[in-house]
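Subject: Structure handover

Hi,

Here is the structure I promised to pass on. Have a look at it first, and then read my notes below.

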Amino acid sequence: MIANPERNYIAPQEYLEWEEHQEIKHEYVNGEVFAMTGGTIPHNDIALNLATGLKNHLRGSRCRVNMADVKVCVSEDGSFHYPDVVVSCDESDRQAIKFIRYPCLIVEVLSPSTEAYDRGGKFTQYRRIQTLREYVLIDAEKISIECFRLNDRGFWELHPYEQGNEVHLTSVDFRFPISLVYEDVQLSM
């Protein structure tokens with residue numbers, strides 16, 4: 001791959017206006033725009049299973065559950081990402097039209113091409129969100145969920161889950177068997 005020495009940086013508002021007219025989704029990081037790649041059917045099924053479980057659990061509450069087509073704004077000057085599942089319980093986000101600003105829970109379903117970024121750079125970006133309490137990574141190739149949870153001292157702790165475990169998402173007090181996420185999912189193991 002050859003690096004492009006002439007990068008075209010744009011302002012956040014320019015990105016938002018430009019992206020409204022694009023056929024594919026683009027994430028925005030530090031003034032640069034990156035096209036999103038399509039996911040697999042297992043990737044989609046995992047996200048849908050969790051989003052459905054969360055929606056049922058949070059029905060009637062002040063929380064909002066969204067999926068892949070909803071952007072999350074990391075900061076005023078900054079980044080916009082499309083997590084696979086996002087939950088916000090902040091009143092400001094109940095009326096949001098273009099993006100969520102105050103999520104408490106963000107979920108990414110891992111794919112081989114994005115796993116390193118989801119674990120590294122993207123998590124670094126997400127940690128800038130003051131309201132975020134949990135960041136969840138779900139493996140799409142084997143039964144494994146990693147939940148990074150902000151503790152009382154302001155440190156992110158890893159809570160791993162594997163086959164047979166009950167998962168507890170404390171940010172929304174949702175307990176479920178890990179099998180719920182992998183229901184009807186064809187893993188490539």
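This is a predicted model: local features need pLDDT of at least 70, side-chain atom pairs count only at pLDDT 80 or more; totals for chains, interfaces and linings use all residues.

Before the notes, one definition: a residue is called buried under 20% relative accessible area, exposed over 50%, and partly exposed in between, using a 1.4 Å probe and protein chains only. Residues are numbered from 1 along each chain as its sequence is written, and side-chain values use heavy atoms, with hydrogens and water left out.

**Salt bridges**

A salt bridge here is a side-chain nitrogen of Lys or Arg within 4 Å of a carboxyl oxygen of Asp or Glu. By that rule there are 11 salt bridges.

Start with D69 and K25, whose closest N and O atoms are 3.4 Å apart. They link distant parts of the chain, 44 residues apart: D69 is in the loop between β3 (64–67) and β4 (71–73), and K25 is in the loop between α1 (12–19) and β1. (Those names are DSSP runs numbered from the N terminus: helices are H or I with at least four residues, strands are E with at least two.) D69 is exposed, at 64% relative accessible area, while K25 is partly exposed, at 25%.

Next, find E146 and R119, whose side chains meet in a salt bridge at 2.6 Å, N to O. This pair also links distant parts of the chain, with E146 in strand β10 (residues 144–150) and R119 in helix α4, 27 residues apart. E146 counts as buried at 17% relative accessibility, and R119 is partly exposed with 33%.

Which residues are linked in a network of salt bridges? They are E27, E108, D118 and K122. Within it, the side chains of D118 and K122 meet at 3.4 Å, N to O, and both of these residues are buried.

**Rings**

A pair of aromatic rings is described by the distance of the centres and the angle of the planes. Rings of Phe, Tyr and Trp (its six-membered ring) pair if their centres lie within 6.5 Å; planes under 30 degrees apart are stacked, over 60 edge-to-face, and the rest tilted. The whole structure has 9 aromatic pairs. One of them is Y15 with Y28, a stacked pair at 4.9 Å centre to centre with 25° between the planes. Y15 lies in helix α1 and Y28 in strand β1, so this pair ties together parts 13 residues apart in sequence. Y15 is buried at 0% relative accessible area, and Y28 is buried at 2%.

There is also a cluster: ring pairs link F123, Y126, Y135, F148 and W156.

**Empty space**

Rolling a probe the size of a water molecule over the atoms shows where empty space is left. On a 1 Å grid over the protein atoms alone, a cavity is a set of points where a 1.4 Å probe fits but cannot get out; a pocket is an open set with protein on both sides within 12 Å along at least five of seven lines; lining residues have an atom within 4 Å of a point. Grid points are joined across faces, edges and corners, and a volume is the space filled by probe spheres set on the points.

The largest pocket has a volume of about 790 Å³. It is lined by 35 residues, and those closest to its centre are M36, T37, H43, S111 and T114. The largest share of the lining, 4 residues, comes from α2.

How many cavities of 30 Å³ or more does a search of the whole structure find? It finds 1. The largest cavity holds about 30 Å³ of space, and its lining is L50, V107, V136, I145, V167, L169 and F176.

Enjoy looking around!
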